[in-house]
Amino acid sequence: MRDVFVAHTPTLPKVAPGALVVAAYRRQRGFEAELLVRQAHMADAVGVVLPSMSNLMLTTRRPAERLDMPLLTLPDRDPVALARQLSREVHAPERHASSPVPRVLKALRAPLSTPDRVVDAVDSELGCVTAVLRAEGALVAGELVAPVPESLFERGVPEIVNVEGGHLLCAPVFVEDAMRPDLWLVARLPHSHVFWVDASMHALTAAGMALATWAARQRLIGERNARDRSTLLSELMDNSTSLPRHVAEHAVRAGWRLEGWHVGIQVRLSGDTQQLLRLTPRVRELLAEHGLDGPVVERTDGWACWVTTPKMPSSGSHREFTMRVRSALGRAEVIGDVVGGIGRPYAGPAGLVQSLKEAREACLFAGDGSRRGRVEHVDELGVMRVLADWYRSEAFRAYAKTLLAPLLENGEEALLETLRTYLELESSASSTASALRVHRNTVALRVSRVEEMLSMNPAGPDERLVLQLACRVLQCLTRRRSSRRWRTSADQAAGSRRR
Amino acid sequence: MWQLVADDVEALALGASMLGSGGGGSTRVAALMAERLVREAGSIDVLDANEMPQGAYAAPVGLIGSVTVFEEKPPRGDEVSRALGLLERHTGRKLHALLPFESAGVNALLAVCSAASLKLPLVDADGMGRAFPQLDQTVFTLHDLPVSPMVLSDEKGSLVVVDGVNHLFAEELARSNVVTMGGWAMLVMAPQSASDLVRFAIPHSIRRAVEVGRLMKQGGIPALLTHAGGRALFRGRIVEVSREQRGRFGGGSAAVQHVDTESGRLMRIEFQNENPVAVEDGVVRACVPDIICLVDAERMRPVLSEELRYGLEVEVIVLPCPLAWRTPSGLGPVGPRAFGYDVPYVIPRGEP
């Protein structure tokens, strides 16, 4: 369309080719439309608009169809105002570019309380259908009318995708990471002029900033709450014997019930603990889904949770409780690699601290693979708890390091691994060989080299005990850094032994 | 001078209805009346205007109002004689003859009725040469001849004299009186002198109506077009009729689909009392003052605009209008623009 022409009479003066003809007859009779369609066709016009007309007779519609002349009837529209508006859109489409941005900004002046407000504002100002998506494509707010191409989420740049019947405008919303968007604002626009699409994209970007502010605010509130919880729990741990008044008050404000019977659960996350804060709601959700409603507090390596009951849980209930935690954490693959520990039920604030400590202890042994599940109850640890004190003793850790220093310093990972497996598998060279998938002679050679380097003989009962403890402690330390690698080899060892 | 006899009335009725261009009203009742009155009178003298004595006067007569009401509420019979008496007293002029102001539709026959019952000669001329909806659409108005004093007369005996005004105002006064008088009235216009009638009136309009009727009866449309001039526009079936109030008269549009449906041809007939415009494929094929006539293809009778209905097969023909209307001044009161159609009067090139 190149021009807009207002026709006052059915006989058309010079109409430029490519013009849209707007009929502006004072007394519309209908028959003028017929003449106009023919005239417009002969003048190479692109269409005829008939304001203030509603029903067209067959004699008007048929010739228009035959001549391929679009005919628009707009009942109750003022032809002059319509022509003016059309003319502006035809001759100065760039005017579009300036209008939606201030309108969207005006609609989003007040801080957002929910992302729905962004959706509403964009929907009404741009006349489109908008959705807020998470970085992986899950819907947060609004309505998604067209499927978003998967490749969009990989790139993280604003994009306009042409889809059937319109355009999909996708604006990334960056909150934390400047490279990876946290949210996406996706708007489905009907077929529009390129200027309008561009302007809508700008407006969407502006709306995305409002959304980013909202998300950042939510995250800030979340972090503050997390910090408050963690501090409160630490104070509780420190003052378990006599609870200071301000701590008790804090606990009440946080909604923690300190009276009653508590069962502590420790969940440890291996790997990237940067994401800990963000994952807290998911952990809470998972536990709640399995009937484990209680506070979830962030710790450095995971979460401390507990469930409070007014009465002492029955002695048989711990098995069922463990099962529930197991199934909750069994479904935690979205969160990452997690293991859990469960303490015994204890009463009161001091009991809470005690139960959490036990849970922490149990957690230390959970998921180490050799014979254990991913969730451990402290009661099921048995004799291992005796060792736990050894593992935690700083003095013994230092001793263990000194003891195994010749191997560690020379980077003899293979020798250390062989020694550990050899000791775990009751000094059996053949079992060790099959666990490590090496020849039996290799095991014998390596053990003799270890003897040589450490100047110790693992065959002697005292030396054997010390060496095995040192290896275990070292395992604990390395597991913190790379639990996966350690567990895999231990699993192999255990598996081969079962065979 | 020629004699109009009772046997001519049927042809006159058919011809007058054709010249009515879809308007002019139903001629059924008026034709029966005219036939009886002419048969009683034996015959009527029909004079050419130049056969009138020097200084003689003739009055144009006709019906104003609704023909439908006229057919349901018939006249008493003395309306015109009372009106003429009053007009003669009012103007002090003796009237020698009558003429229809509209020699189409019901009014051609009512002039015959009046002449037969009053034993007056009929002048073979009229003011329109076809049917028009308004009293001011006559050659008398066109040439600024007085039409008032005019007398309206109804079947109850009341008489109304409209005097001192001409043209549209006279039409409006007469029209508003008709409403009070019960839907229709007989109207006698101001007496016209023989010399004015010779110069300005549309000549031979009664003879033309009779001829058109005879040709239609004898040879149908081909004979009519051959001998009376005119052109056949379209033959088809009415596929859509939309009616609405347009100004003072009802009107609307009809879509006619060509009998050769493969061709995809459609014609739009506009109507408001008469058929003012016929449009095909965005081209005005015919318009007022030419006489656009829809003929029922089965019964070979003209279709009045109120009889248009879905499914009717019609032949659309155009008869030429009197030459007086084709002048620029003539097209003023009766051209397409006078009926609200903003198109010039043209005969499309290549059409007779």
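**Entry 1: the largest pocket**

I began with the largest pocket, which has a volume of about 1,200 Å³. For my own reference, a pocket is worked out on a 1 Å grid over the protein atoms alone, as an open set of points where a 1.4 Å probe fits, with protein on both sides within 12 Å along at least five of seven lines. Its volume is the space filled by probe spheres set on the points, which are joined across faces, edges and corners.

A note on the ground rules: this is a predicted model, where local features need pLDDT of at least 70 and side-chain atom pairs count only at pLDDT 80 or more, while totals for chains, interfaces and linings use all residues. Residues are numbered from 1 along each chain as its sequence is written, chains are lettered from A in the order in which they are written, and side-chain values use heavy atoms, with hydrogens and water left out.

Next I listed the lining (residues with an atom within 4 Å of a point). I found 36 residues, with A:Arg134, A:Arg219, A:Arg278, A:Leu279 and A:Pro281 nearest the centre of the largest pocket. Helix H8 (194–238), strand S10 (261–270) and helix H10 (276–289) of chain A each give two or more residues; helices (H or I, at least four residues) and strands (E, at least two) are DSSP runs, numbered from the N terminus. H8(A) has the largest share, nine residues.

I sorted this lining into 13 nonpolar, nine polar and 14 charged residues. Here Ala, Val, Leu, Ile, Met, Phe, Trp, Tyr, Cys and Pro count as nonpolar, Asp, Glu, Lys and Arg as charged, and the others, Gly among them, as polar.

**Entry 2: the second largest pocket**

I moved on to the second largest pocket, at about 640 Å³. Its lining has 32 residues, and B:Gly25, B:Gly65, B:Ser66, B:Val67 and B:Asn273 lie nearest its centre. Strand S3 (57–65) and helices H3 (67–72), H5 (106–118) and H7 (167–181) of chain B each supply two or more. By class I noted 13 nonpolar, 13 polar and six charged residues.

Domain 1 (2–207) and domain 2 (229–339) of chain B each give at least three residues to this lining; the bounds come from an automatic or database domain assignment.

**Entry 3: the two domains of chain B**

I then checked how these domains sit: their centres, taken over C-alpha atoms, are 26 Å apart. Their contact (heavy atoms within 4.5 Å) takes 27 residues from domain 1 of chain B and 28 residues from domain 2 of chain B.
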